[in-house]
Amino acid sequence: MVIGIIGAGKVGTTLGAYLKEHNISVSGYYSRSIESAREAANFTKTKIYQSVEEIIGESDTLFLTTPDGEIRNVWDCIISYSLTGKTICHFSGSLSSRIFSGIETTGAVGCSIHPMYAFSDKFTSYQQFHTAYLTMEGNSEAVSKMQKLFGDRLGHKILKISAQNKIKYHAAAALASNYMVGLFQASLDLLGDCGFSEEDSRQLLAPLVMENVKAMLEKGTVQALTGPIERNDVETVEKHRAAINSTGVEEIYDSLGRELVAIAERKNPDRDYAKIKNMLKRD
């Protein structure tokens with residue numbers, strides 16, 4: 001297997017460095033930005049390609065690691081070349097392999113692969129990529145090849161997903177990552193209203209956040225849940241809502257509060273959460 005990478009950003013550079021580190025053959029990079037391609041190729045000690053045709057000719061597997069909005073354009077470009085016997089993979093969390101429209105007429109096979117992983121830095125993210133779980137869907141032959149590469153050879157946990165569930169899966173990932181950032185910022189804003197600096201607020205919240213995340217991952221959400229809603233402390237929840245009224249956070253508090261009530265009911269099936277439910281209900 002010789003892998004050519006189209007797209008030289010964080011994902012493409014991370015994958016190239018990781019595969020090279022594990023002695024997987026990577027031909028090199030093609031990108032609209034020659035500087036990005038040169039940077040990634042130099043870092044991974046691979047080749048810079050000047051054209052799509054050239055990288056296709058020297059690779060039997062193509063990884064499309066461009067932004068989601070460019071994947072269809074890349075596919076529309078490469079479908080005009082000879083693809084017989086090649087495997088085409090993209091790494092979008094939201095798009096399925098169906099974006100490879102007409103691939104069955106080319107002699108190629110395709111799949112989508114998504115690492116549940118934060119690509120934070122182009123030049124260091126490969127160092128912990130071995131911890132990533134991967135989801136795959138698409139043509140059975142393509143999925144089998146990638147399962148052998150990432151699962152059997154590199155030791156990743158591989159989960160299968162249907163094409164129709166890709167966008168829901170991506171929404172779940174966003175809630176667990178990006179939306180947590182938004183929730184944390186809402187907490188910082190409230191602490192800022194209390195007179196704390198942002199740095200002090202982050203340090204104040206750090207142990208709470210880290211221990212909660214650890215508990216969720218180790219025990220699950222039901223056992224990890226604590227706090228006034230879980231305790232059915234109606235008075236405290238009422239005071240919270242009064243204190244944050246008109247801060248812009250009240251909608252977040254109520255929406256997530258309804259989710260917490262559902263978890264609390266699973267943890268404490270004999271408790272009556274009707275008063276809190278009524279307090280947090282949608283208008």
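1. Helix H7 meets helix H8 through Met-180, Phe-184, Ser-187, Leu-188, Leu-191 and Gly-192. On the H8 side the partners are Glu-198, Ser-201, Arg-202, Leu-204, Leu-205, Val-209 and Met-216. Contact means heavy atoms within 4.5 Å. Helices are DSSP runs (H or I) of at least four residues, strands (E) of at least two, numbered from the N terminus. The residues of this contact divide into eight nonpolar, three polar and two charged. Here Asp, Glu, Lys and Arg count as charged; Ala, Val, Leu, Ile, Met, Phe, Trp, Tyr, Cys and Pro as nonpolar; the others, Gly among them, as polar.

2. This is a predicted model: local features need pLDDT of at least 70, side-chain atom pairs count only at pLDDT 80 or more, and totals for chains, interfaces and linings use all residues. Residues are numbered from 1 along each chain as its sequence is written, and side-chain values use heavy atoms, without hydrogens and water.

3. H12 covers residues 250-267. Its 18 residues reach 25 Å from first C-alpha to last, close to the expected 26 Å (1.5 Å times one less than the number of residues). Buried in H12 are Asp-254, Gly-257, Val-261, Ile-263 and Ala-264 (buried is under 20% relative accessible area, exposed over 50%, partly exposed in between, with a 1.4 Å probe and protein chains only). These buried residues pack against H9, H10, H11 and H13.

4. Glu-58 sits in the loop between helix H3 and strand E4. Glu-58 counts as partly exposed because its relative accessibility is 40%. Beyond neighbours within four places in sequence, Glu-58 is in contact with Val-2, Ser-27, Lys-47 and Tyr-49.
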